[in-house]
Amino acid sequence: DDRAFDAETRSICPFCGVGCQVSIKTRGDRVVKVDGVNGPANEGRLCVKGRFGFDYIHHPHRLTKPLIRREGAPAKGLNVDPGDWSSVFREASWEEALDAAAGGLKGRGREVAGFGSAKCSNEEAYLFQKFIRQGFGHNNVDHCTRLCHASSVAALLENVGSGAVTATFNEIENADCAIVIGANPVENHPVAATYFKQFAKRGGKLIVMDPRGQALKRHATHMLQFRPGADVALLNAIMHVIAEEGLVDRQYVEAMTENWDAQRDHLKGFAPETVEGLTGIDAATIRAVARDFARAKAGMIFWGMGISQHVHGTDNSRCLISLALMCGQVGRPGTGLHPLRGQNNVQGASDAGLIPMFLPDYASVTSDEVRARYAELWGAEPLAEKGLTVTEIMDAVHAGDIRAMYILGENPAMSDPDVDHARAALAALDHLVVQDIFLTETANYADVILPASAFYEKAGTVTNTNRQVQMGRPALPPPGEARADWWITAELAKRCGLDWRYTHPREVFAEMKQVMPSLDNITWERLEAEDAVTYPSLSETDPGQAIVFGDAFPRENGRARFTPAAVIPPDETPDAEYPMILTTGRQLEHWHTGSMTRRASVLDAVEPEANCSLHPATLRRLGVPAGGHVRLTTRRGTVTLMARADRAVAPDMVFLPFAFVEAAANLLTNPALDPYGKIPEFKFSAVRVEAA
Ligand code: SF4
């Protein structure tokens, strides 16, 4: 009923990387409805989170005043009720809180580290990394991409020359074959999944590969439910068939790639028959999949965390890149490589330089030329030394090297692997500043808490999985004394001695354009007028290139590279004590560490209780009825929670969502890292499951 609201604002959904455009309907100071509008990624569609998951912004737990830890407060730990914090924190004015926050950071140089947020705008991400680099003279700044697609980006940069997707997911409309591997888009990228289903409905060959079954299986030509951790073996076997059966696009390989001979020789050892036992997939199916993809006129590959979150995550992505290259499936309509991004601005935050090894637009911190450019722009040359990543920063706290942190919109007390390690690090800091919209588990450890803005209260640009830079507009002001994140970071920077004079995010965007060629021909004014422009945009009227690298790759010689990948086992394999496999992920209704969606009334009502999924046969063996409780134990910890019967999970596996603090999945996960992307192996831990 359009009469039920008095204002309407066009912005972007705050949840996943699909980047659906929304119309936010407000009455007075409340959002009352959210509808999909005709954005380039969603064409009016929304999923349950985007449509119904908005009222968290009005939750009574919203932080509305700056808080300072009381003298004599209990020792830092998970001991603060987010609705009643008064025994641990006291309210403070902005002046006092900013002075206290900056006072504990200023002058500490390499003792300071920063975690920024993929939930903030591009401008806020840019300012955050600038603050750490310019203010403290090092690169110890990172964000949740490290737990997400860092390994995919490492492989893409290495072999293609660019970390972003080569084609929008909507290009599946022009494909006749598509692989979806290590991703569950129906739950995690639901609007993208609608395009995948339509593709299958019109006859496209959909190949789904995942150790866990999923709803997309119903639409798939092939569903390969392979053994967890066997990705590299399976992908090498598929490529082996293509090479052995003469299905390689030789013309493309010769014109556009390098190192094919090494790749071809490497694949000789991966006949499908030799990997059947390891992968759990019969040779005939592997051959059929290989033929379907190689013979497609236009094929795409989509992947998610099931590929990236392994100690061999970079190798997994190397295989997918090689598979596309050998079939010539990049750079034309209906072809491409597309890692499906998680957070609504993880692409943009990474582009903006919120990573320890790269300045904006992936300019290396070790390049003299790059640093000279920043010396001119910022008046301070960035350090020529890669910084520490998310999990390395926690190790550095334990080693006594990092003593103070500024955390904006991240929740490492829930999201880090082996999370007790991270929680102990947070407790050990001399000084922790947390900027967020709720008193998160991480804020429990803070000395100063700065109340920030939710996405529907922000003015700023965001970049989705499709490389579409979109304009986010505020539908409401932040509640109480909460303030915009860019403003808070700028105030801290000034108090730490930096001469910052920003008055609006558009000024930050203009500065970003000076060092980010990806934003060429994209202006703030244009985004205000057009809502979205895909980068690269070749002129002021070009809506942007949905497909890139048709005639050359952005590598020195213009060619993409084959990097052969050997099979590396998971870091921790099941044994007598921990005989099953734990894998973690999201579920449709809940977002990441749950701070937003567990406070969204509709979503919380649908999925209110911590749960895990086990095969019915496993539950029978344990003597636990569906809906009964189980205890999961790994070498790191134990959680007890409700067990759901789910035939999509193999009998020796358990799937555990990571949104529930009362049964935090990351108490259990293995912190072993992929050596290139430094991403933890969230998708494979050895676990013992018992009746509780
Ligand atoms: Fe939001 Fe993603 Fe759902 Fe779109 S698909 S409405 S961006 S959560």
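**Pockets, cavities and sheets**

Trainee: How much space lies in the second largest pocket?
Mentor: This is a predicted model, where local features need pLDDT of at least 70, side-chain atom pairs count only at pLDDT 80 or more, and totals for chains, interfaces and linings use all residues; side-chain values use heavy atoms, without hydrogens and water. Residues are numbered from 1 along each chain as its sequence is written. A pocket is an open set of points on a 1 Å grid over the protein atoms alone, with protein on both sides within 12 Å along at least five of seven lines; points are joined across faces, edges and corners, and a volume is the space filled by probe spheres set on them. For the second largest pocket, that space is about 490 Å³.

Trainee: Which helix gives the largest share of the lining of that second largest pocket?
Mentor: Lining residues have an atom within 4 Å of a point, and the second largest pocket has 23 of them, with A154, L157, M357, F358 and Y676 nearest its centre. Helices (H or I, at least four residues) and strands (E, at least two) are DSSP runs numbered from the N terminus. Helix 4 (150-159) and helix 13 (313-326) each supply at least two lining residues. The largest share, five residues, comes from helix 4.

Trainee: How many charged residues does the lining of the second largest pocket have?
Mentor: Let us sort by class: Ala, Val, Leu, Ile, Met, Phe, Trp, Tyr, Cys and Pro count as nonpolar, Asp, Glu, Lys and Arg as charged, and the others, Gly among them, as polar. The lining has ten nonpolar and seven polar residues, and the charged ones number six.

Trainee: Which elements give two or more residues to the lining of the largest pocket?
Mentor: The largest pocket has a volume of about 580 Å³. Its lining counts 26 residues, and G161, S162, D361, Y362 and P554 are the closest to its centre. By class the lining divides into 16 nonpolar, six polar and four charged residues. The elements you ask about are strand 15 (363-364) and helix 15 (368-378).

Trainee: How many cavities of 30 Å³ or more are there?
Mentor: Rolling a probe the size of a water molecule over the atoms shows where empty space is left. A cavity is a set of grid points where a 1.4 Å probe fits but cannot get out. By this rule, the number of cavities of 30 Å³ or more is three.

Trainee: Where does the ligand sit?
Mentor: A residue is near a molecule if one of its heavy atoms lies within 4 Å of it, and the residues around the ligand include C13, C16, C20, C47 and K49. Helix 1 (48-52) and helix 6 (190-201) are the elements that give two or more residues to this shell. A molecule sits in a cavity or pocket if more than half of its atoms lie within 2 Å of its grid points. By that test, the ligand's place is the second largest cavity.

Trainee: How much space lies in the second largest cavity?
Mentor: This cavity is lined by 13 residues, and C13, C16, C20, C47 and G50 lie nearest its centre. The lining divides into nine nonpolar, three polar and one charged. Its space comes to about 90 Å³.

Trainee: Which residue in strand 20 is the bridge partner of G460?
Mentor: Another open sheet of three strands has the order 19-20-21, with antiparallel pairing. Strand 19 (460-463) and strand 21 (532-534) each have a single partner strand, so one side of each is left without a neighbour in the sheet. Strand 19 pairs with strand 20 (residues 468-472) over four bridges. The bridge partner of G460 is G472.

Trainee: Which residue is joined to Y535 by a cis peptide bond?
Mentor: Most residues other than glycine have a negative phi, and most peptide bonds are trans. E43, not a glycine, has a positive phi of about 45°, and E43 lies in the loop between strand 3 and helix 1. In the cis bond omega is about 0°, and the residue joined to Y535 is P536.

Conventions:
Pairing = 2+ DSSP bridges.
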